[in-house]
Amino acid sequence: MYKRRSTANDSGPISNSSRQQSSSNYGLNDLNMESVRSYRNRFSSLKPDHPWNGLELKEFLYKIGALGRLRETNEEGLTLAGLLMFGEERSITEYLPQYFLEYREKSSDVPGERWTDRIISSDGTWSGNLYDFYFKVIRRLTDDLNIPFQMEGLFRKDDTRVHAALREALVNTLAHADYYGQRGIVVEKEKMLFRFSNPGVLRIPLQQALKGGISDPRNPTIFKMFMLIGLGERAGSGIENIHLAWKEQHWTAPELIEEFQPDRTILTLRTTSLLPQESVDFLKAVLGKHYKFLTNDEVLILVTAHQENYVTNTRLQSLTDKKSDEISKLLSGLVEKGYLEPNGQGRGTKYTLTEMFHQKSIGNSRYNRISSGPNVNNSGPNAANSGPNENEQTKDHEKVLLDISELARKKKRLNPSEMDEIILNLCAIKPLTLKELSQLLNRQMDPLRKKYISRLLKEGKLEPLYPEQINHPKQAYMTRSLFTNQH
């Protein structure tokens with residue numbers, strides 16, 4: 001078991017006990033004054049009536065924790081936090097030889113391709129301190145985020161929860177780093193991920209950090225300085241907010257890991273979707289312009305119904321952070337819109353996509369697996385958006401089914417494997433009742449059920465539309481595969 005290691009407090013003056021330099025050797029002349037001026041401007045803009053705005057420079061730096069005093073000798077000097085936050089890179093590395101900041105960006109996912117953008121603290125073109133690094137990097141992390149804007153009343157809000165999550169991740173990386181550790185801070189941006197890596201392991205158990213509510217930043221004064229200018233959330237809520245932002249976008253859950261010898265903490269945020277693109281494309285094709293009015297939760301519900309044949313309240317509780325009553329309202333809303341059809345009662349109610357989704361899929365093999373109920377009358381007010389001419393679509397639908405089943409109608413005897421294939425292809429277009437299959441295949445219902453349907457159900461190649469009610473009056477059968485990969 002590796003022991004969790006802490007470092008010197010970042011709020012006291014740099015002293016002989018921690019390094020060979022005395023506190024008086026690190027003062028205002030080690031600061032980048034442009035960084036300090038920028039910080040004060042941000043502070044006063046955010047808090048124009050704050051009493052610290054009228055303080056002299058030294059008093060202001062003392063209040064925010066950048067300057068410290070030894071009460072025994074009244075000696076003044078920069079704190080470690082002050083040096084890291086506002087210092088010149090040369091002064092910082094004199095005290096912390098391992099100090100290094102790096103940002104890497106790669107715009108494509110081609111293996112071996114060089115970084116398209118890179119920032120390092122030691123190149124001499126900028127201060128190299130934490131404050132300036134933050135603002136250089138955060139703009140690059142967020143400048144091309146493809147996140148839909150939100151509305152606050154009548155006004156557009158471009159700053160989303162994902163923007164806030166990336167700010168939180170960067171502040172946490174800078175505040176939790178062990179600046180006496182090896183390999184420095186590395187922030188990476190690739191086409192489908194962000195990665196934040198800092199020296200030092202967590203000061204609380206990993207599972208507790210993931211759960212949220214408790215925080216023990218290694219550099220609390222650095223954390224405080226960022227919070228004073230509106231960056232960083234209250235202690236313990238950072239990783240929780242990041243998880244919520246990623247969950248809201250239905251992206252792969254954030255990954256937080258620790259490495260040892262040398263000690264490092266690595267947070268990886270992938271922007272790969274948990275929603276299969278085929279299902280999202282299908283919804284867009286059916287709903288047209290109405291798709292953009294769906295909330296993220298509504299999209300998740302409809303995609304799950306498409307992917308898993310039906311969706312339940314219990315299933316959605318495992319996929320979202322919402323409670324049962326909130327999910328019930330969402331499901332009821334989708335029923336009212338004509339997108340879902342309820343089957344059953346109470347907690348066991350299953351919701352399937354309505355017939356309007358079948359109509360759009362006719363003749364399109366890319367979406368040849370649509371699970372929904374056969375209730376045409378429940379297609380809702382937006383059903384007209386599924387196509388310009390429902391009669392033409394219905395005719396196309398019938399033609400596809402007739403083409404697939406033509407061989408069975410022409411030949412009274414078929415190899416069982418050939419018949420199996422025809423049945424599965426038919427039921428991949430839409431759920432079909434036994435009566436419909438009988439007519440398409442020109443076979444009597446009872447022998448068809450006993451010889452083929454029952455066996456295919458046992459083999460798991462077919463499944464009933466209403467598995468809880470085998471004798472449902474509208475029982476139909478559908479091919480188990482979710483959808484083909486044809487395009």
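Okay, quick ground rules. Because the model is predicted, local features need pLDDT of at least 70 and side-chain atom pairs count only at pLDDT 80 or more, while totals for chains, interfaces and linings use all residues. Residues are numbered from 1 along each chain as its sequence is written, and side-chain values use heavy atoms, with hydrogens and water left out.

Let's start with the helices. Helices and strands here are DSSP runs numbered from the N terminus (H or I, at least four residues, for helices; E, at least two, for strands). H10, residues 277-287, packs on H11, residues 296-308, at about 105°, and their axes are 10 Å apart. That makes H10 roughly perpendicular to H11. On the angle classes: under 35 degrees is roughly parallel, over 145 roughly antiparallel, 65 to 115 roughly perpendicular, and the rest oblique. The axes are lines fitted to C-alpha atoms, for helices over the stretch in contact, and the angles run from 0 to 180 degrees between N-to-C directions.

Who's touching whom? Contact means heavy atoms within 4.5 Å. H10 brings Ser279, Val280, Phe282, Leu283 and Leu287, and H11 answers with Val299, Leu302, Val303, His306 and Gln307. By class that's 7 nonpolar, 3 polar and no charged. For the classes, Ala, Val, Leu, Ile, Met, Phe, Trp, Tyr, Cys and Pro count as nonpolar, Asp, Glu, Lys and Arg as charged, and the others, Gly among them, as polar.

Next pair: H16, residues 416-429, and H17, residues 434-441, pack at about 125° with axes 12 Å apart. So these two are oblique to each other. Met419, Ile422, Ile423, Leu426 and Cys427 of H16 meet Leu437, Leu440 and Leu441 of H17. The class count for this contact is 8 nonpolar, no polar and no charged residues.

Staying on H17, have a look at Leu434, which is found in that helix. Is Leu434 buried or exposed? At 14% relative accessibility, Leu434 counts as buried; the cut-offs are under 20% relative accessible area for buried, over 50% for exposed, and partly exposed in between, with a 1.4 Å probe and protein chains only. Ignoring neighbours within four places in sequence, Leu434 contacts Met445, Leu448, Arg449, Ile453 and Tyr477.

Now the cores. A nonpolar core is a set of buried Ala, Val, Leu, Ile, Met, Phe, Trp, Tyr and Cys residues joined through side-chain atoms within 4.5 Å. The largest one has 65 residues, and Tyr39, Ile64, Phe86, Tyr179 and Phe196 touch the most other members. Apart from that lies another core of 26 residues, including Val280 and Val299.

Which bond is cis? The peptide bond joining Gln261 and Pro262, with omega about 0°. Pro262 is in the loop between S9 (255-259) and S10 (264-270). Gln261 has a positive phi of about 55° although it isn't a glycine, and at 64% relative accessibility Gln261 counts as exposed. Arg183 also has a positive phi, near 75°. That residue is in the loop between H6 (161-176) and S7 (185-190), and at 48% relative accessibility Arg183 counts as partly exposed.
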